[in-house]
Amino acid sequence: MAVATLWAQPSAPGPEDRLALGVPSAIREWVARLTSDVRAHGLKGRVRTQCLLGTEVEVIQLGDRWAEVACPTQETSGWVPIDQLVNPAEDDTKGTEHLVSATATAIRDEPGGDVAIPGVTMGTRLRVVGPGYRGWVPVALPGPQQPGWVPQRDLSPEPVGAAEGEPPATGMATAGLDAVKLAQQLLEIPYLHGGISAYGIDAPGLVWIVYRRLGIETPRFNERLVETGEAIDFDDVLPGDLLFLEHGGDPRMPAIVAERTQADLPEVIFSSPVYGKVVIESLKDSELGQITACRRLPSRASA
């Protein structure tokens, strides 16, 4: 599964959600068929989050064709079709961790061959398990499957800590600028309540996936995200910092600071339920009263 949706209960999906329940799941087609209102509001109370390919979950209980699972990395739980789960292989720690750096890619059965898993999205962890071949590298697949193949250009090594002797401020500045570049890569992606993929993403999901690409794990949901890192004054925000705004009925919607404008008010990037997509816009003086918090996330040097 490139992307599995965690539902609040087995009865939560409706007929319009059939595409999200298959193997593989057709997430792009599913999102494209949903109206903006359903993506922003109609999934509330039904969808909790999503998990990317290779995410380890703990089975809590099994039902009729459904399993309730806990996702420790996101500190939540939900229900998925049993067919979307697979037992890990015994040698599932071999290889070198990489992250998908392309907005999306596909895993194929051989270099340039047929698609085995479509829609593998940015931030997915894949283990390269052998030498490359003509621009393709073999990656481990969950369960007892043979390795698949991915274009090498679509992967980047798992980020590591800052170089020894590098000042923490330098590490934070670099991470902040990198976060902005990654967020810009996701502009125009549809807003999707509970989404964390390049086919649909919510506001904390954008922060989660961008910083995951930088090797920085952040809380998945606003309640904890607003308490992460260091509280800073609005006048001190830098690219990559987070502003929390009152927006679309959410008093703590996170936005990634992009840069200061000529008016010295920052541009911010966020996934908006009002606009229905990931956008970048300049804050206005009239919106300053809607800022509820400013936070600086830890860089890799201090994470």
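Start by selecting Glu217: with a relative accessible area of 45%, Glu217 is partly exposed. (Under 20% relative accessible area is buried, over 50% is exposed, and partly exposed lies in between, using a 1.4 Å probe and protein chains only.)

Before you click on, a word about the model. This is a predicted model, so local features need a pLDDT of at least 70 and side-chain atom pairs count only at pLDDT 80 or more, while totals for chains, interfaces and linings use all residues. Residues are numbered from 1 along each chain as its sequence is written, and side-chain values use heavy atoms, with hydrogens and water left out.

**Stop one: Arg125 and its partners**

Glu217 and Arg125 make a salt bridge, with 3.0 Å between the closest N and O atoms. That pair links distant parts of the chain, 92 residues apart: Glu217 sits in the loop between α4 (203-213) and α5 (222-225), and Arg125 is in strand β9. A salt bridge here means a side-chain nitrogen of Lys or Arg within 4 Å of a carboxyl oxygen of Asp or Glu. Helices (H or I, at least four residues) and strands (E, at least two) are DSSP runs, numbered from the N terminus.

Now bring in Glu158. Its side chain meets that of Arg125 in another salt bridge, 3.1 Å from N to O. Arg125 belongs to β9 (residues 125-128) and Glu158 to the loop between β12 (155-157) and α3 (168-185), so this pair ties together parts that are 33 residues apart in sequence. Arg125 is partly exposed at 25%, and Glu158 is partly exposed too, at 23%.

Jump to Asp17 and Arg46. Their closest N and O atoms are 2.8 Å apart, in a salt bridge. Asp17 lies in the loop between β1 (3-7) and α1 (27-33), and Arg46 in the loop between α2 (36-42) and β2 (47-52), 29 residues away in the chain. Are these two buried or exposed? Both are buried. Show Glu16 as well, and you have a network of salt bridges made of Glu16, Asp17 and Arg46. Searching the whole structure turns up nine salt bridges.

**Stop three: the nonpolar cores**

Select Trp30, Ile107 and Val210. These touch the most other members of the largest nonpolar core, which has 59 residues. Helix α4 gives the most to this core, with six residues. (A nonpolar core is a set of buried Ala, Val, Leu, Ile, Met, Phe, Trp, Tyr and Cys residues joined through side-chain atoms within 4.5 Å.) There is also a second, separate core of 16 residues; among them are Ala203, Phe234, Phe270 and Leu283.

Zoom in on Ile107. Beyond its neighbours within four places in sequence, its contacts (heavy atoms within 4.5 Å) include Leu53, Val120, Leu126, Leu141 and Trp149.

Color residues 104-108 (β7) and 115-121 (β8): they pair in the antiparallel sense over four bridges. Two strands count as paired if DSSP finds at least two bridges between them. Look for Thr105, which stands opposite Val120 in β8. The two strands form a hairpin with six residues between them, and Gly112 in the turn has a positive phi of about 75°.

**Stop five: a six-stranded sheet**

Which strands make up the open sheet, and in what order? Six of them, running β15-β20-β16-β17-β18-β19, with antiparallel pairing. At the edges stand β15 (230-231) and β19 (277-282), each with a single partner strand, so one side of each has no neighbour in the sheet. Inside this sheet, β16 (residues 242-247) and β17 (residues 250-260) pair over five bridges; select Leu243 to find its bridge partner, Ala255 in β17.

**Stop six: Ile189**

Ile189 is in the loop between α3 and β13 (196-197), and at 11% relative accessibility Ile189 counts as buried. Leaving out neighbours within four places in sequence, its contacts include Tyr199, Ile201, Lys277 and Val278.

**Zoom out**

Show the whole chain: five helices and 20 strands. Its radius of gyration is 19 Å, close to the 19 Å that the globule rule gives for 303 residues, so the chain is as compact as a globular protein of that length. (The radius is taken over C-alpha atoms, and the rule is 2.2 Å times the number of residues to the power 0.38.) Along its principal axes, the C-alpha trace spans about 55 × 50 × 30 Å. Of the 303 residues, 51% count as buried.
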